[in-house]
Amino acid sequence: MTATTAHTAPASADTACRDGVDLPAVARRVGTPCHVYSASAIHARIDALQTALHGLDALVCYAAKANSNVAVLQLIANAGLGADIVSGGELWRCLYAGIPADRIVFSGVGKTAEEIADALDAGVARFNVESADELQLLQHVAAARNVVANASARINPDVDALTHAKISTGKSENKFGVSIDEARQWFASSAALTHVRLDGLHVHIGSQMLSLDPIRAALQRVAAFWRELTAAGHTIRSIDVGGGLGVCYRAGHDHPVPVNDYAGAIREALAGFEGRILLEPGRWLVAEAGVLLTRVVRIKHGRERKFLILDAAMNDLLRPSLYDAWHDIVPLVDATRPSQTYDVVGPVCETGDTFARGRELPECRAGDLVMIKATGAYGASMASTYNSRPLAAEVLLDRGRYAVVRERQTFEEMVAGEQSADQWETA
Ligand SMILES: *Cc1c(COP(=O)(O)O)cnc(C)c1O
């Protein structure tokens, strides 16, 4: 807990209470900064998506990287969802949290032989293969184990996702996937793959998409390719439409695609497809379920700007620094306070440690509790200990109750594994 005292001014009721839990009380008990997630909000998203997909043979494989807290993954597992993983660490986490291997798909351009071997041993459902070299490696590792790996070709459809360049993945200049021309050759020579069943297509063109147009364009390209492959005698059992559905980070400004429209676009593009449809939403399921609770350390009046200095920083929430991302910021204070314009910053020694510039907020004082909204995705999962700031606590809320699902890291835990250089070796 920070050394400041909790401010007791009444906060507006709609924001201070989430999922039936009083956030100032959580902040007092758990300390700040602290990531808070509403289980009910995640369940509501899962239910809405499942309802929108009703009648389709569809499996939702949650993109674990969005929020890989074990308690969140357990919630995902209990809801019957699968997972999309991108590393051996995520494989381990998902299995640990109880997501069955046969509901796990493995994406990523840099899968190593060891990661592929571990995934095969665990029995993952499918590999989303992103290069010819990876396809050969998969064949090699599967052959050595005398198993057959299910594989999908990740198609790079050369579609602009109309999102931030750093989270755009479906343009030909991006590192992800292969062209339809290259994938066509893979299928043409797939008979030589004795230990890989290449029977799926995968596409994921980017994240935080707020328009259906690029999603439709990518789906149409993949659907046309599926029809072409089927006509050429190949069996396509799985089409994975990826993730990328955007959320509202800025009220009144971001207008997410309604989930029924998204599902409608999938139904339309894949009409007549008789295999299984996989989806890999990450952000859409968890982002708006989370807030980052932080306290004002102090206000600093610079020559030109007024700085609202929080006890959270870029190491707790990297998105503003990395993507210039907007997050709505709500001080949990009496809404009748006059407004002020602040640069909202953290204590880290980087000018990029800025959550917002020139943001108009109710006047804040040291000790006030501040909520940074929509931090449930790519918040804690991207956190680091930069500036030797221990990882923040994480809390799950559920209908009036809360549970600490990650203890705040101690200084000792922060240096665990580091040691003095007294064991020298030569190489
Ligand atoms: C990151 C990622 C996702 C999830 O993206 P969101 O924008 O969080 O929905 C899905 N599939 C793949 C392959 C990814 O890399």
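Ala, Val, Leu, Ile, Met, Phe, Trp, Tyr, Cys and Pro count as nonpolar, Asp, Glu, Lys and Arg as charged, and the others, Gly among them, as polar. By that scheme, the lining of the largest pocket divides into 12 nonpolar, 10 polar and seven charged residues. The structure is a predicted model. The ligand takes up the space of this largest pocket.

**The pocket**

- The largest pocket holds about 520 Å³ of space.
- Its lining is made of 29 residues, and those nearest the centre of the pocket are Lys65, Thr169, Phe176, His204 and Tyr378.
- Two elements, α11 (283-286) and α12 (319-323), each give two or more residues to the lining of the largest pocket.

**The shell around the ligand**

- There are 15 residues around the ligand, and Lys65, Ser207, Glu280, Arg283 and Tyr378 come nearest.
- The shell divides into three nonpolar, seven polar and five charged residues.
- Lys65 and Tyr378 are among the residues that come nearest to the ligand, and both are also among those nearest the centre of the largest pocket.

**Contacts with oxygen atoms of the ligand**

- In tyrosine 378, an N or O atom of the side chain is 2.5 Å from an oxygen atom of the ligand.
- In lysine 65, an N or O atom of the side chain is 2.7 Å from an oxygen atom of the ligand.
- In arginine 283, a backbone N or O atom lies 2.7 Å from an oxygen atom of the ligand.
- On its own, the ligand has 390 Å² of accessible area, and the protein covers 95% of this.

Note on methods. Residues numbered from 1 in each chain as written. Predicted model: local features only at pLDDT ≥ 70, side-chain atom pairs only at ≥ 80, totals over all residues. Heavy atoms only, no water. Near = heavy atom within 4 Å. Polar contact = N/O pair within 3.5 Å; in protein donor to acceptor, adjacent residues only side chain to side chain. Areas by Shrake-Rupley, 256 points an atom, 1.4 Å probe, with all protein chains shown as cover. 1 Å grid on protein atoms, 1.4 Å probe; cavity = no way out; pocket = protein on both sides within 12 Å on 5 of 7 lines; lining within 4 Å. Sits in = over half its atoms within 2 Å of the grid points. Points joined across faces, edges and corners; volume = space filled by probe spheres on them. Helix = DSSP H or I, 4+ residues; strand = E, 2+ residues; numbered from the N terminus.
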